[in-house]
Amino acid sequence: MEYPLVSVVIPTYNSEKTLEMCLESIVNQDYPEDRVEVIIVDGGSVDRTLEIARRYTNKIFNNPLRTGEAGKAVGVKKAKGDLIALIDSDNILPTKDWLKSMVKPFIEDEEIVGSEPLYYVYRKEDGYITRYCALIGMNDPLCLFIGNYDRYCLLTDKWTELNVKQEDRGDYLKIELTEREIPTMGANGFLIRKKMIKKCAIGDYLFDIDIVYELVRQGYNKFAKVKTGIIHIFAYNTFTFVKKQRRRIKDYIYYKKLGLRKYPWSSVSKRKLSKFIIYTVLTFPLIIQATKGYMKKPDRAWFFHVPACWITLIVYTIGIIQNYLLRPKPENRNKWN
């Protein structure tokens with residue numbers, strides 16, 4: 001059997017801490033070497049990122065706009081593969097058969113538009129924030145309250161709380177999305193057919209969940225949630241977590257104002273949003289949630305849930321207030337690592 005050519009697109013910017021682990025996990029895949037194309041799109045790194053990248057590929061391109069979304073757009077346009085794998089520089093493929101597992105749904109079912117891992121891999125050796133994100137199955141605790149996430153959550157025993165039709169195919173779930181029920185898919189190990197990406201309006205930026213939303217609106221709504229995981233080194237410390245939450249809200253508001261964002265986040269349930277605010281302000285309900293998680297999987301990382309929710313509430317509130325008082329602008333990438 002001839003495996004499809006996979007173009008792995010990795011946006012980078014001062015990524016020396018994780019890039020080598022990411023690339024090693026890719027080149028060590030049990031997948032035909034000549035069927036994998038590794039594309040690095042760099043936003044002007046001043047650390048060892050490019051030195052590391054050159055050891056693994058000569059397909060390195062410039063990303064003058066610096067953001068990960070801009071890097072993905074550049075990489076997708078350069079890609080030659082039948083399938084495109086959107087891998088971030090802080091992702092590590094956990095097993096040597098990972099790529100074969102992710103490609104399998106495309107080979108078996110022509111209806112499958114994209115595939116994504118079902119889990120974030122939990123590792124004891126990772127930092128407390130990365131372990132916390134793996135345990136709850138998301139990088140933003142707000143998603144837990146609104147029920148819109150896309151990886152298995154140990155707290156809820158679900159990979160999403162949206163009403164998603166799914167069929168168990170053994171190694172993966174074949175899911176059918178509707179315009180009103182789209183989980184936060186599209187990043188951290190997401191594979192998609194290149195011919196499907198061409199159906200979307202890719203300009204200077206590729207916003208992952210917006211691509212899924214746009215395809216579903218066009219009727220291309222069959223995806224696979226593969227029963228495997230991916231390692232996502234989300235943050236080494238609380239300061240980095242704050243920066244990433246600030247970047248998330250500032251960038252979303254800025255690009256939304258420019259008319260570049262499509263996913264209808266404004267339709268989020270006000271009741272669920274209120275629950276997040278009340279739980280966070282009272283704090284005690286967060287401690288109960290963290291304790292329930294600890295009872296299922298003992299790890300002190302669960303108790304980062306309290307500061308994570310407080311940080312998210314404060315950072316998002318400031319971002320919204322600034323949106324009304326000041327001219328929106330994206331997060332400053334200078335000195336970002």
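Two aromatic rings count as a pair here if their centres lie within 6.5 Å, with planes under 30 degrees apart called stacked, over 60 edge-to-face and the rest tilted. By that rule, this predicted model holds 16 aromatic pairs.

**Aromatic pairs**

- Take Tyr119 and Tyr152: with ring centres 5.8 Å apart and planes at 65°, the pair is over the 60-degree cut-off and so goes down as edge-to-face.
- Tyr119 sits in strand β6 (residues 114-120), while Tyr152 belongs to the loop between α6 (142-146) and β7 (165-168), so their contact ties together parts that are 33 residues apart in sequence.
- Both partners get some solvent: Tyr119 is partly exposed at 32% relative accessibility, and Tyr152 is partly exposed at 26%.
- Phe190 and Phe223 make a tilted pair, 6.4 Å from centre to centre and with 35° between the planes.
- This pair ties together parts that are 33 residues apart in sequence, because Phe190 lies in strand β9 (residues 190-193) and Phe223 in strand β10 (residues 222-232).
- Phe106 and Phe223 are 117 residues apart in sequence, yet their C-alpha atoms are 9.4 Å apart in space.

**A ring cluster and a charge**

- Tyr128, Tyr132, Phe234, Phe241 and Phe304 are joined by ring pairs into a cluster.
- One member, Phe234, also has a lysine over it: the charged end of Lys244 sits 4.5 Å from the centre of the Phe234 ring.

- Strand β1 (residues 6-12) runs parallel to β2, and seven bridges join the two.
- β1 also pairs with β4, again in the parallel sense, over four bridges.
- Ser7 shows both pairings at one residue: its bridge partner in β2 is Glu37, and its bridge partner in β4 is Ile84.
- Strand β2 (residues 36-42) is mostly covered, with six of its seven residues buried.
- In a regular strand, side chains alternate between the two faces of the sheet.
- Strand β4 (residues 83-86) is covered on both faces, with Leu83 and Ala85 buried on one side and Ile84 and Leu86 buried on the other.
- β4 pairs with β9 in the antiparallel sense, over four bridges.
- In that pairing, Leu86 stands opposite Phe190 of β9, and Phe190 is the ring that makes the tilted pair with Phe223.

**Empty space**

- Rolling a probe the size of a water molecule over the atoms shows where empty space is left.
- How many cavities of 30 Å³ or more turn up? The count is one, and the largest cavity has a volume of about 40 Å³.
- Its lining is made up of Tyr120, Val121, Thr130, Cys133, Ala134, Asn139, Ile230, Ile231 and His232.
- α5 (128-136) and β10 are the elements that give two or more residues to that lining.
- By class, the cavity lining has six nonpolar residues, three polar and no charged.
- The second largest pocket holds about 410 Å³ of space.
- Of the 16 residues lining this pocket, Leu162, Arg180, Glu181, Ser267 and Val268 lie nearest its centre.

**Positive phi angles**

- Most residues other than glycine have a negative phi.
- Asn188 has a positive phi of about 55° although it is not a glycine.
- Where does Asn188 lie? Its place is the loop between β8 (172-176) and β9, and Asn188 is buried, with a relative accessible area of 7%.
- Thr283, another residue other than glycine, has a positive phi near 70°.
- Thr283 is in the loop between α10 (270-282) and α11 (284-296).
- Is Thr283 buried or partly exposed? Thr283 is partly exposed, with a relative accessible area of 22%.

Conventions. Residues are numbered from 1 along each chain as its sequence is written. This is a predicted model: local features need pLDDT of at least 70, side-chain atom pairs count only at pLDDT 80 or more; totals for chains, interfaces and linings use all residues. Side-chain values use heavy atoms; hydrogens and water are left out. Rings of Phe, Tyr and Trp (its six-membered ring) pair if their centres lie within 6.5 Å; planes under 30 degrees apart count as stacked, over 60 as edge-to-face and the rest as tilted. Buried means under 20% relative accessible area, exposed over 50%, partly exposed in between (1.4 Å probe, protein chains only). A charge sits over a ring if NZ of Lys or CZ of Arg is within 6 Å of the ring centre and within 35 degrees of the ring normal. On a 1 Å grid over the protein atoms alone, a cavity is a set of points where a 1.4 Å probe fits but cannot get out, and a pocket is an open set with protein on both sides within 12 Å along at least five of seven lines; lining residues have an atom within 4 Å of a point. Grid points are joined across faces, edges and corners, and a volume is the space filled by probe spheres set on the points. Two strands pair if DSSP finds at least two bridges between them. Ala, Val, Leu, Ile, Met, Phe, Trp, Tyr, Cys and Pro count as nonpolar, Asp, Glu, Lys and Arg as charged, and the others, Gly among them, as polar.
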